Amino acid sequence: MLEARHLTKRYGTTTALEALTLTVSPGEVFCLLGANGAGKTTTINLFLNFVDPSEGQALVNGVDVTRAPLESKRHLAYIPETVMLYRNLTGLENLEYFAALAGSTDLSRGSLLKVLERVGLPADAADRRVGGYSKGMRQKVGIAIAVAKGARALLLDEPTSGLDPKASNEFSELLRQVSGDGVAVLMATHDLFRAKESGTRVGIMKRGRLVALHGTDEFSHADLERLYLEHMHD
Amino acid sequence: MIGTIARKELTELSRDGRFRLLAAVILVLAVASTAAGWLQFTAVSRQHAEAQRETREQWLGQQEKNPHSAAHYGVYAFKPASHLSIVDTGLDPYLGVAVWLEAHRQSEMKFRPAQDRTAIQRFGELNGAEVLLVLVPLFILLVTFPVFAGEREQGTLRQLMSLGVAPRLLVAGKALGTLAAVALVIVPVSALAAVAMAWASADSYLAADVSRTVALGATCLVYFLVVTGVGLAVSAWAPSSRVALVTLLGFWFATSLVAPRIATDVAGSLHPTPNAAEFQRALDADLSDPEEARQRLARLQAETLTKYNVTSLDALPVAFSGLSLQSGEDHGNEVFDRHFGRLHDQFSNQARVYQWAGLASPLLAARSLSMALAGTDFEQHRHFAKAAEAYRRDIQRTLNDDIARNQRAGQPYLAGTELWSRVPDFTYDAPSIGWVLGRQATALTVLAGWLTLAGALALLATRRLSATLG
Ligand SMILES: Nc1ncnc2c1ncn2[C@@H]1O[C@H](COP(=O)(O)OP(=O)(O)O)[C@@H](O)[C@H]1O
Ligand SMILES: [Mg+2]
């Protein structure tokens with residue numbers, strides 16, 4: 001569903017991402033680990049065609065994102081560290097707007113409310129303006145947009161950083177549900193525990209290069225942490 | 001999709017206190033200027049109708065007198081005001097709307113509230129056109145500057161760009177949202193103005209006004225689209241909403257406040273006109289050249305004697321005084337045609353420069369069109385002045401012919417109501433909209449060019465959005 005082929009991005013002399021080759025299949029949750037500046041956000045930006053690759057290709061559902069920027073996004077949903085919404089619109093209005101622009105057709109209040117309920121947004125929050133939402137609520141709306149859109153691939157950039165443990169746990173639970181529906185998930189994260197919990201595979205990045213790639217069932221949480229620190233060391 | 005985007009823009013705006021305040025201010029100004037225009041229009045048309053009737057009654061009610069005295073008695077002719085002059089008073093306050101028609105003289109128009117100003121085409125007090133074409137665009141720019149730049153700062157732009165929305169739909173939706181916000185302000189005022197116009201129109205001119213009104217509406221719409229396109233392009237291009245705001249305010253200031261003044265000065269220096277005193281002096285010098293008058297009379301005498309095959313003026317079957325009066329008129333008319341023709345050509349040239357100046361500022365093209373459609377531009381002033389002058393010449397000819405036919409040498413001759421009523425009442429048909437637009441071809445073309453340019457810029461800037469996302 002998501003595929004990177006020798007994907008490379010250089011900014012002047014710094015190489016933000018070097019020859020990344022990677023496939024994320026439907027139902028998989030691929031966690032990108034790595035220190036700040038390792039190239040995780042760059043990878044996600046390349047899949048979103050927010051930046052142009054220096055070399056290589058990013059494909060969504062077999063479609064090159066630079067060749068067909070609109071078509072490739074039809075199957076994508078993006079959740080950044082903080083989902084940014086229109087503060088003067090209610091949660092429901094935000095969902096309706098983004099879902100409509102994403103091309104989903106069922107925009108009745110009933111079905112949108114159902115989506116919000118599914119992602120666990122408190123019932124009384126749907127008609128409140130987003131300006132007063134907590135970060136956890138915003139992230140839920142982000143997932144709701146992805147669900148309403150019927151996205152088949154999810155790009156997440158540190159979506160749980162700054163969330164309290166309960167909200168973080170709820171989010172991981174949601175993610176598991178979504179991937180259970182056959183969505184391919186690519187998530188950049190610093191949270192080794194969450195990666196082990198909800199991920200199916202982890203990749204460790206260092207200075208733009210993917211230095212390790214493992215299934216999460218290969219390790220215990222402690223093993224993963226050790227592996228990570230080993231790679232960070234030098 | 002476009003509708004969804006537009007609706008969201010409108011919803012957000014309507015919940016923004018600053019927008020509501022801004023809209024209220026524009027609304028109040030628009031209503032005030034429309035009301036002022038309407039009051040002015042009704043007062044002036046009532047006065048004109050009355051004065052026109054009076055001048056006619058006085059003309060017909062003249063006691064028996066020599067026709068030449070009647071010629072000096074004179075009449076007024078009034079330029080009928082188009083209902084759209086409620087919206088755009090144009091040059092009327094500078095050029096006048098009434099003319100005094102008498103023997104021997106082509107007069108400049110009277111009733112010029114802005115008499116003391118010299119240059120033609122200087123913007124007057126706040127009238128509807130200024131609210132429409134100067135303040136509403138400012139409102140549009142204040143609405144559009146954050147449309148993309150603000151979303152980039154809020155972070156919603158990334159969310160938006162991740163959805164895969166075609167840039168052209170995004171531009172169209174945002175433009176539609178902006179126009180809807182403008183409509184929120186403009187439509188109630190327009191409805192009010194339409195009612196006022198219908199109210200004010202006892203009769204005739206409304207049918208002709210409909211096509212002009214539609215054309216004026218279209219002009220405004222196109223100009224608003226131009227401004228919206230520029231606003232969106234700058235908002236998409238600018239690195240921050242602050243930069244977008246400053247850039248757009250600069251654009252507005254340059255095109256709406258500076259350009260009209262520069263255009264006026266450039267037009268004036270390219271096609272200079274004499275001031276009133278100079279003009280009058282030159283005219284008088286040509287009119288009353290005693291040597292010319294002596295020669296002309298001698299020539300007329302000789303020709304007339306030959307024509308009637310007599311040897312003395314007393315033997316003529318016609319009154320020579322009638323012929324000589326008409327000859328004086330004919331001579332005067334030639335001089336007037338030359339002097340006024342030259343002056344009016346210069347004003348026409350200035351107006352043409354103004355249309356071309358639309359290349360620098362779309363406002364100038366739009367304003368040129370709005371004045372033309374309101375019937376208050378220079379070309380329609382000239383059209384009226386010509387009709388009034390032709391009427392004056394008809395009166396003089398009728399009276400002088402009557403003198404020539406009926407006056408007997410050495411006897412006083414008095415004419416009466418029969419002659420006065422042979423002079424028809426003055427009627428004036430304003431030119432058709434085709435005539436008007438034909439003279440605005442430059443402004444129309446320039447405005448269409450601006451529309452294309454603004455649309456292309458907005459689209460281009462939106463296409464580049466994702467690349468400049470940072
Ligand atoms: N727009 C940019 N211009 C220049 N360098 C950049 C830009 N974006 C990212 N980089 C560099 O690319 C590298 C990878 O950054 P990033 O992908 O954001 O890392 P991560 O998300 O893993 O923290 C860093 O060294 C960063 O400084
Ligand atoms: Mg990052």
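# Getting to know a predicted two-chain model

Biologist: Hello! How many helices and strands are there in chain B?
Modeller: Welcome! Keep in mind that this is a predicted model. In chain B the count comes to 18 helices and two strands.

Biologist: Is chain B compact or spread out?
Modeller: For 470 residues the globule rule gives 23 Å, while the radius of gyration of chain B is 29 Å, well over that value. Its C-alpha atoms fill a box of roughly 105 × 45 × 35 Å along the principal axes. Chain B is therefore more spread out than a compact globule.

Biologist: And chain A, what is its radius of gyration?
Modeller: Chain A has eight helices and 10 strands, and its C-alpha trace spans about 50 × 40 × 30 Å along the principal axes. A compact globule of 234 residues would have a radius of gyration near 17 Å, and chain A agrees with that, at 18 Å.

Biologist: What area do chain B and chain A bury between them?
Modeller: The size of an interface is often given as the accessible area lost when the parts come together. Here 24 residues of chain B are in contact with 27 residues of chain A. Carbon and sulfur atoms carry 60% of the buried area, which comes to about 2,400 Å².

Biologist: Which residues of chain B lose the most area to chain A?
Modeller: Three residues stand out, together giving 30% of what the chain B side buries. They are Arg15(B), Gln159(B) and Leu163(B).

Biologist: With which residue does Arg15(B) form a salt bridge?
Modeller: Side chains of opposite charge can pair when their charged atoms come close. The count between chain B and chain A is one salt bridge. In the pair formed by Arg15(B), the closest N and O atoms are 2.7 Å apart, and the partner is Glu93(A).

Biologist: Lys140(A) also forms a salt bridge; with which residue?
Modeller: The closest N and O atoms of this pair are 2.6 Å apart, and the partner of Lys140(A) is Glu170(A). The pair links distant parts of the chain, 30 residues apart, with Lys140(A) in helix α5 and its partner in helix α6 of chain A. Lys140(A) counts as buried because its relative accessibility is 13%, under the 20% limit.

Biologist: How many residues apart are Asp284(B) and Arg105(B)?
Modeller: Their side chains meet in a salt bridge of 3.1 Å, N to O. Asp284(B) lies in helix α11, whereas Arg105(B) is in the loop between β2 and α5 of chain B, so the pair links distant parts of the chain, 179 residues apart.

Biologist: Is Thr178(B) buried or exposed?
Modeller: Thr178(B) lies in helix α8 of chain B, residues 167–200. Leaving aside neighbours within four places in sequence, Thr178(B) is in contact with Ile140(B), Val143(B), Thr144(B) and Thr228(B). Because its relative accessible area is 3%, Thr178(B) is buried.

Technical notes
Residues are numbered from 1 along each chain as its sequence is written. Chains are lettered from A and ligands numbered from 1 in the order in which they are written. This is a predicted model: local features need pLDDT of at least 70, side-chain atom pairs count only at pLDDT 80 or more; totals for chains, interfaces and linings use all residues. Side-chain values use heavy atoms; hydrogens and water are left out. Helices (H or I, at least four residues) and strands (E, at least two) are DSSP runs, numbered from the N terminus. The radius of gyration is taken over C-alpha atoms; the globule rule is 2.2 Å times the number of residues to the power 0.38. Contact means heavy atoms within 4.5 Å. Buried area is the accessible area (1.4 Å probe) that two parts lose on being put together, summed over both. A salt bridge is a side-chain nitrogen of Lys or Arg within 4 Å of a carboxyl oxygen of Asp or Glu. Buried means under 20% relative accessible area, exposed over 50%, partly exposed in between (1.4 Å probe, protein chains only).
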